[in-house]
Amino acid sequence: MKEFEKNIRRVEPYVPGEQPQTKVIKLNTNENPYPPAPGVLCAMKEMETQMDSLRLYPDPTSDSLVSALADYYQVGKDQVFVGVGSDDVLAMCFLTFFNSEKPIFFPDITYSFYKVWADLYRIPYECKPVDENFRIRKEDYYGENGGVIFPNPNAPTSIYENLEFVEDILQHNQDVIVIVDEAYIDFAGESAMALLDKYENLIITQTFSKARSMAGMRIGYAIASPLLIKYLNDAKYSFNSYTMNKTSLVYGVEAVKDKVYFEEVVDKIVATRDWAAGQFAELGFVFPKPSGNFLFVSHPDYDAGELFCALKEAGIYVRYWNQERIRDYMRVTVGTRKEMEELFAFLRKYMNK
Ligand code: PMP
């Protein structure tokens, strides 16, 4: 190692799913197969007349988007923080809220970025093993810690835990910050937003990348007590004042406005998911009950790694991790009904069924 390398912050980075530049059936990164709300297209056309505004920095407070989200969730504007995808929001949360000498707790099978942020910021952490059915064991989170984070539904398992479960973890962790990562909540059940009034230490993150079909725009947000949002903003303004570009602010507002379209898209994806679950079961796959826009499937007679490669060869991309506890599983994003039919046609042929 060169002498000057000794003081370099070295990290093992997060590895995102592939973004192939050729046309494939893309079921590997939990994107939405449907376009964003029609209002976004109108706003795109309108943007052409606003070229001149690109000379200027965007609004550092992102007020238009913050207001739209505050209206939507019926919370104060001082309870909303926006960022460049929920990855940006979560990274800012780790930096701001996890500064204890005690370890933060999160599940062993979960969004793999948590470990990366903890390493990046030198935050001690303990991974709490999920049970043999991939369920988070809430009792594991009762011990002393420097903070707690878990996704609900969890990823890549797609398992949703009800509000009683979330509240139990909150009740046992009132002296630290608890982050509930709700990237997939719109496909699942009740959000922890209902608990915000009761727990000032709760922070909920959500995203425009999944149910709102805008992964390409990179918009995420956190909802919490005004106190926590103030601390988040202080950290943000100490890092980069202009996180949200002008176009994402405009398109983001349009996407929030159209509740009807949003619900239609979510309903379609949930219906396709539930149909796909039936198909997987018919083919002998086993999987936890899916609550996100993806399924976490395994087959007793087929090697998941080999199946993943065979699917890729056929132009169908899913996600696979050659990792302890989950190497028998593939994560399959819910695409359109037609895409899923092609997936099952391939699987039937592969399995001679
Ligand atoms: N949380 C979870 C659990 C996720 O799966 C993802 C998507 N990879 C994210 C957060 C981040 O999504 P985004 O940055 O697109 O909002």
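This is a predicted model: local features need pLDDT of at least 70, side-chain atom pairs count only at pLDDT 80 or more; totals for chains, interfaces and linings use all residues.
Q: Which residues are around the ligand?

A: A residue is near a molecule if one of its heavy atoms lies within 4 Å of it. Around this ligand you will find Gly85, Ser86, Asp87, Leu90, Tyr111, Asp181, Ala183, Tyr184, Thr207, Ser209, Lys210 and Arg218. A polar side-chain atom of Thr207 sits 2.5 Å from an oxygen atom of the ligand, and the side chain of Tyr111 has an N or O atom 3.3 Å from a ligand nitrogen.

Q: Where does Arg218 lie, and what is its phi near?

A: Most residues other than glycine have a negative phi, and most peptide bonds are trans. Arg218 has a positive phi, near 60°, and its place is the loop between strand 7 (202-207) and strand 8 (220-224). Strands here are DSSP runs of E with at least two residues, and helices are runs of H or I with at least four.

Q: Which peptide bonds are cis?

A: One joins Asn152 and Pro153, with omega about -5°. Another runs from Ala155 to Pro156, where omega is near 5°. Pro153 belongs to the loop between strand 5 (148-151) and helix 5 (163-171), and Pro156 is found in the loop between strand 5 and helix 5 too.

Q: At what angle do helix 3 and helix 6 pack?

A: Axes are lines fitted to C-alpha atoms, and angles run from 0 to 180 degrees between N-to-C directions. Helix 3 (residues 85-97) and helix 6 (residues 226-237) pack at about 100°, with axes 9 Å apart. These two helices are therefore roughly perpendicular, a label for 65 to 115 degrees (under 35 is roughly parallel, over 145 roughly antiparallel and the rest oblique). Contact, meaning heavy atoms within 4.5 Å, is made by Met92, Cys93, Thr96 and Phe97 of helix 3 and by Leu228, Tyr231, Leu232, Ala235 and Lys236 of helix 6.

Q: How are helix 9 and helix 10 placed?

A: Helix 9 (residues 304-313) packs against helix 10 (residues 337-350) at about 120°, and their axes are 11 Å apart. That pair is therefore oblique. Helix 9 contributes Glu306, Leu307, Ala310 and Leu311 to the contact, while helix 10 contributes Leu343, Phe346, Leu347 and Tyr350.

Q: How do the axes of helix 1 and helix 7 cross?

A: The axes of helix 1 (residues 38-47) and helix 7 (residues 246-257) come within 8 Å and cross at roughly 145°. From helix 1 the contact takes Gly39, Val40, Ala43, Met44 and Met47, and from helix 7 Lys246, Thr247, Val250, Tyr251, Glu254 and Ala255.

Notes. Residues are numbered from 1 along each chain as its sequence is written. Side-chain values use heavy atoms; hydrogens and water are left out. A polar contact is a pair of N or O atoms within 3.5 Å; within protein, one must be able to donate a hydrogen and the other to accept it, and residues adjacent in sequence count only if both atoms are side-chain atoms.
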